[in-house]
Amino acid sequence: MNEERYHKLRDIIQIYLPEDVSVTDISEKSHFTNELNINSAHLVDIILDVEDAFDIMLENEDMEQMQTVGDALDIIETKLSKK
Amino acid sequence: MKNQEILDLLPYTAPFLFVEELLEVTEDGVVGAFTFSPNLDFYQGHFRDFPVTPGVILTECCAQIGLVCLGIFLMEVYIRENKGARIAVGLSSSEMDFYHPVLPNEKVTVTSEKIYFRFNKLKCRVKMHNASGKLVCKGIISGMLKLQDIE
């Protein structure tokens, strides 16, 4: 796992965590909606922030696949490799 | 899409429909209006002996005109492709500032400006003015819009 990318992503996710979830709860396996309690609207915010932070564009299919933090890292890696 | 078609596709009905007419609809925003009938139920309790339109209702009016009507227009293609589908709306956040009260019988105009519509999330900047052009409230509203099959 690319630590730098992971930290960058974690910093983005942290902004949208509800108060009852702490940043230490985030792991690669965390499910955005089921475990981190992030609602669908904030999931969109995370995607838009990811696009800006990594200078990539995500599609609707990417969002559907993005269930966990690990999924997000995979998508980021795929997009970056195509740049 | 004609303005009347958008109104027909709204998932609301009285006593919770707060859109009367659409004056302008483009990819970037909408302008619409609503007149608050003095017979609306909430005036009996908000406030006792002094009817004023509640802020939540003004927010709802801004959301129905500014977010949902615009959303229906932006989703036109999908709505046409999926005949019989109904639009499902979930308000996801609203941050409003209020400047002027709206009394029974007043007509308000809502102007909304699209900030973005991506991954089913529509985020808009909304403003409401009264008949004399005074700013009633303004803010940022976002919601998730999806097509829902009804069989």
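This is a predicted model: local features need pLDDT of at least 70, side-chain atom pairs count only at pLDDT 80 or more; totals for chains, interfaces and linings use all residues.
**Confidence**

Colour chain B by pLDDT to begin. Its mean pLDDT is 94, and 98% of its residues reach 70 or more. For the complex, the predictor reports an ipTM of 0.85 and a pTM of 0.90.

**Helix α2 of chain B**

Select residues 55-74 of chain B, which make up helix α2. With 20 residues at 1.5 Å a residue, this helix should span 28 Å; the C-alpha atoms at its ends lie 27 Å apart, which agrees. Centre the view on B:Ala63, where α2(B) has a kink of about 30 degrees.

A residue counts as buried if 20 or more other C-beta atoms lie within 10 Å of its own.

Now select B:Cys69 by itself and look at what surrounds it. Leaving aside residues up to four places away in sequence, B:Cys69 touches B:Ile6, B:Val19, B:Leu22, B:Val30, B:Gly32 and B:Gln64.

Switch to a cartoon view and select β6(B) together with strand β3, residues 86-98 of chain B. The two run antiparallel and are joined by 12 bridges. To find one position along this pairing, pick B:Ile87, which stands opposite B:Leu147 in β6(B).

Follow the chain from β5(B) into β6(B): the two strands form a hairpin with four residues between them. In the turn, B:Gly133 has a positive phi of about 85 degrees.

**A residue in β4: B:Glu113**

Select B:Glu113, in strand β4 of chain B. Is B:Glu113 buried, exposed or partly exposed? It has 14 C-beta neighbours inside 10 Å and therefore counts as partly exposed. Not counting residues up to four places away in sequence, B:Glu113 touches B:Asp28, B:Gly29, B:Cys124 and B:Arg125.

**Backbone exceptions in the loops**

Most residues other than glycine have a negative phi, and most peptide bonds are trans. The next stops depart from one or the other pattern.

- Select B:Ala14 and B:Pro15: the peptide bond between them is cis, with omega near 10 degrees. B:Pro15 sits in the loop between α1 (3-9) and β1 (21-26) of chain B.
- Select B:His46 and B:Phe47, which are joined by a cis peptide bond with omega about -5 degrees. B:Phe47 is in the loop between β2 and α2 of chain B.
- Select B:Asp49, in the loop between β2 and α2 of chain B. Its phi is positive, near 65 degrees, and it is not a glycine. B:Asp49 is exposed, with 4 other C-beta atoms within 10 Å.
- Select B:Asn120, in the loop between β4 and β5 of chain B. B:Asn120 is not a glycine, yet its phi is positive, at about 70 degrees. With 19 C-beta neighbours inside 10 Å, B:Asn120 counts as partly exposed.

**Where the chains meet**

Finally, show both chains. How many residues of chain A are in contact with chain B? Eight residues of chain A contact seven residues of chain B. On the side of chain A that touches chain B, α2 (40-54) and α3 (60-65) each supply at least two residues. α2(A) has the largest share of that side, five residues.

Note on methods. Residues are numbered from 1 along each chain as its sequence is written. Chains are lettered from A and ligands numbered from 1 in the order in which they are written. The expected span of a helix is 1.5 Å times one less than its number of residues. The bend at a residue is the angle between axes fitted to the seven residues ending there and the seven starting there. Two residues are in contact if their C-beta atoms, placed from the backbone, lie within 7 Å. pLDDT is the predictor's confidence in each residue, from 0 to 100. Two strands pair if DSSP finds at least two bridges between them. A residue is buried if 20 or more other C-beta atoms lie within 10 Å of its own, exposed if 12 or fewer, and partly exposed in between; C-beta atoms are placed from the backbone.
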